Amino acid sequence: MEETSREAVATAVQRVAGMLQRSDQLDKVEQYRRREARKKASVEARLKAAIQSQLDGVRTGLTQLHSALLDVKDIQGSLADVSKDWRQSINTIENLKDVKDAVVQHSQLASAVENLKNIFSVPQIVSGTTLLIEQAELLQAHRKLMELECSRDDLMYEQYRMDSKNTSDMNLISIYFEDVQELSDELAKQLWMVLQRAIVTVRRDPTMLVSVVRIIEREEKIDRRMVDRKKQTGFIPPGRPKRWKDKMFEVLECTVGTRIEGTQSVTREADKMWLVRLLEITRKYVLDDLIIVKNLMVQCFPQHYDTFNRFFGLYHNAVSARVKELASEDLEANEIVSLLTWVLNTYKSEEMMGHSELYSECDINQLEPLLPQDVVDELLSKYVQTFTSNITGWLRKALETDKKDWQKETEPEADQDGYYQTTLPAIVFQMFEQNLQVAAQIDGDFKEQVLKLCLKQMNTFLIRYREEAMTYKEEHLRDRQLPLCYVQYMIAIINNCQTFKESINSLKRKYSQSSEPTDSDAAIERTLNEVAKEGCQFLLDEVFLDLEHHLNELLTRKWVTGSHAVDTICVTVEDYFNDFNKIKKPFNQEMTSEALRRVVVEYIKAVMQKRITFKNADERREGAERMIKEADQFKFLFRKLAAGEDTDRLCGAIAAIAEVFKLTDPTLLFLEVTTLVSKYPDIREEHIQALLAVRGDASREMRQMIIGTLSENKVSYSGLTQPIFKDITVPTITMTTMTTMTSMATAKLLK
């Protein structure tokens, strides 16, 4: 207490010090004293009020405790009096046993009297009820049935209460009322018949369906009451509980199942489109029925039945069971696609379960899949196997058909740009397109899988296509007169490769989500390029087979004296290239460039084969001028054919060799050869030796000097330009050849 007082004094001193910090505040001391006095009086008043309130509460609590104590004492006394009275009345209760038995007997007799009228009129009521059932007056029939069952149940219950072990009396009652059970069964049959036709009934006579539901609801209430009485007394009437509500849902489930199973109107043998028809009929039936349930049938059932969702589930389960049956059958590839498309896409679409009239009543996302994923995977696997087998057969057949076209005596068709083509690419990619469209209906991933499979099969097909083109060429070489349109169909084969490329890219853009090239793409690209290039090579081989005789005339004595070999070569090449213009880019450009290169190489080969040796300067000059003229002829021709930028360089090789021959001063020969080597660094020593040998005036020492100097200052080949001399070989003269040539020369001199 003293400590509290000290703290209060210290606090007061601190507050006073805070108020009187300046001298001018001393004038307000009296004002401060009055203000603090008012605050003190206010605090004391609040404290007194709080203490008084607490004291009043304590006083009230003590009063209530005192009253409760008095009440407890009164109750204790009353309980003692009740206990005393109960002990005194035990003997009296035992003396009332006879009265109790009399009451039970009176209750039984009263029940018998009450049901006496019904008991005697049971046969008449049964016959009347039967007539009502036949007339479809189900509510009235059920009311009569309930009266009969009530009479029977009351009698049996009273008998059970009186003597539960007396089975003979129970059996007697059961036998007397045996028609009642048959009547109940007959009424139940009528109810189930109405429910089996519920979809039809609800449109024609909804009151009939309502009556059936009311009867079932009544029976459910009676079942519950009888079950509750059994818990209390151990007695339950025969045939109870009937569980008609459960039976009703079983009947509806069977009805829905039967309706779904009954949609198949045709078989595969009668109609190849049987499955499509079946699925469409199923879709229509399910949608129409659920709309009827939503708009009409829901009103005939109690709200707590959740009628629409219950029917929605029944139809879903029935469709699922039917689809599983179909999936287990030996389906063909197109049937697998139809089934999976319907299951994965159509079923939950707006055309069926997602229809606008049903959407507000259910959540289709909560539905279980119609088919388990393992069954879907199995069907997809089976489809892929069948598709692989089918497409292999289709491609083989398409190629066989195309091969037959190659033997025709008429030219192949041309596209709108005039390029030769066959129907093979269109047939192949029409097959691919159809199957990819089908796969796209099923699933995006499956579409990618089918696309990869198509490309894989395409690669295998192209390898065989290449082999068949090779065989076609070999057969032609055995008899170049057949087939008549060999060149035109080989052009079509080359063009088909470009069409295949374009079609593959189109398929990938349309059906593939990925733009990244794959190993399969690279393999197809490589094979197509090989087929096209080999086709171009075959055509060039055909050209050079016709040119072979004329090429052999080049740089011979006949050529020196006057030959039209180059004129014929140019005319022949131009004639062939009139057909080759029907080759698509880029192969036509590549083929023209290759034709020019081969013509030049063959010309230079004629030089390197040393078919002649110029005898004098005049002959060298005339031969060189002829070579330059022929080089210009080639240049003019291949510029006309648009052979490309390399035309001047390739034709210039002939002119450069001609300059070596044309040179009149042998001392400048080294410079001319050096110029030739600098322009065409792939030229080799044996080529230089062959040129000097054809020139005919270079001494052995000069040839050795030129070759030695060039070897010391060899120009490296960069490989940036296409080589000319690389593949040109110079024939070597063996001892046997020299002996033969010497003998021929001696014989010629002697002659």
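The backbone nitrogen of D618 sits 3.2 Å from a polar atom in the side chain of N616. That is where I want to start. Keep in mind that this is a predicted model.

Stay with N616. Now look across the model. N616 and L275 are 341 residues apart along the chain, and 92 Å separates their C-alpha atoms.

K610 is not a glycine, yet its phi is positive, about 50°. Its relative accessibility is 29%, so K610 counts as partly exposed.

D306 is another non-glycine residue with positive phi, near 50°. Find D306 in the loop between α12 (274–295) and α13 (307–328). At 43% relative accessibility, D306 is partly exposed.

Next, cis peptide bonds. One joins R240 and P241, with omega about -5°. P241 is in the loop between α10 (206–233) and α11 (244–261). Another runs from K585 to P586, with omega near 0°. P586 is in the loop between α22 (565–580) and α23.

Last, charge. A negative patch on the surface gathers E134, E178, D179, E182, D185 and E186. Which helix gives the largest share? Helix α8 (residues 178–196), with five residues. E186 is in that helix, α8. With 33% relative accessibility, E186 counts as partly exposed.

Methods. Residues numbered from 1 in each chain as written. Predicted model: local features only at pLDDT ≥ 70, side-chain atom pairs only at ≥ 80, totals over all residues. Heavy atoms only, no water. Patch = residues over 30% accessible without salt bridge, like charges linked within 9 Å, V, L, I, M, F, W, Y side chains within 5 Å. Areas by Shrake-Rupley, 256 points an atom, 1.4 Å probe, with all protein chains shown as cover. Salt bridge = Lys/Arg side-chain N within 4 Å of Asp/Glu carboxyl O. Lys, Arg positive; Asp, Glu negative; His and termini not counted. Charge placed at Lys NZ, Arg CZ, Asp CG, Glu CD. Helix = DSSP H or I, 4+ residues; strand = E, 2+ residues; numbered from the N terminus. Buried < 20%, exposed > 50% of the residue type's maximum accessible area, 1.4 Å probe, protein only. Polar contact = N/O pair within 3.5 Å; in protein donor to acceptor, adjacent residues only side chain to side chain.
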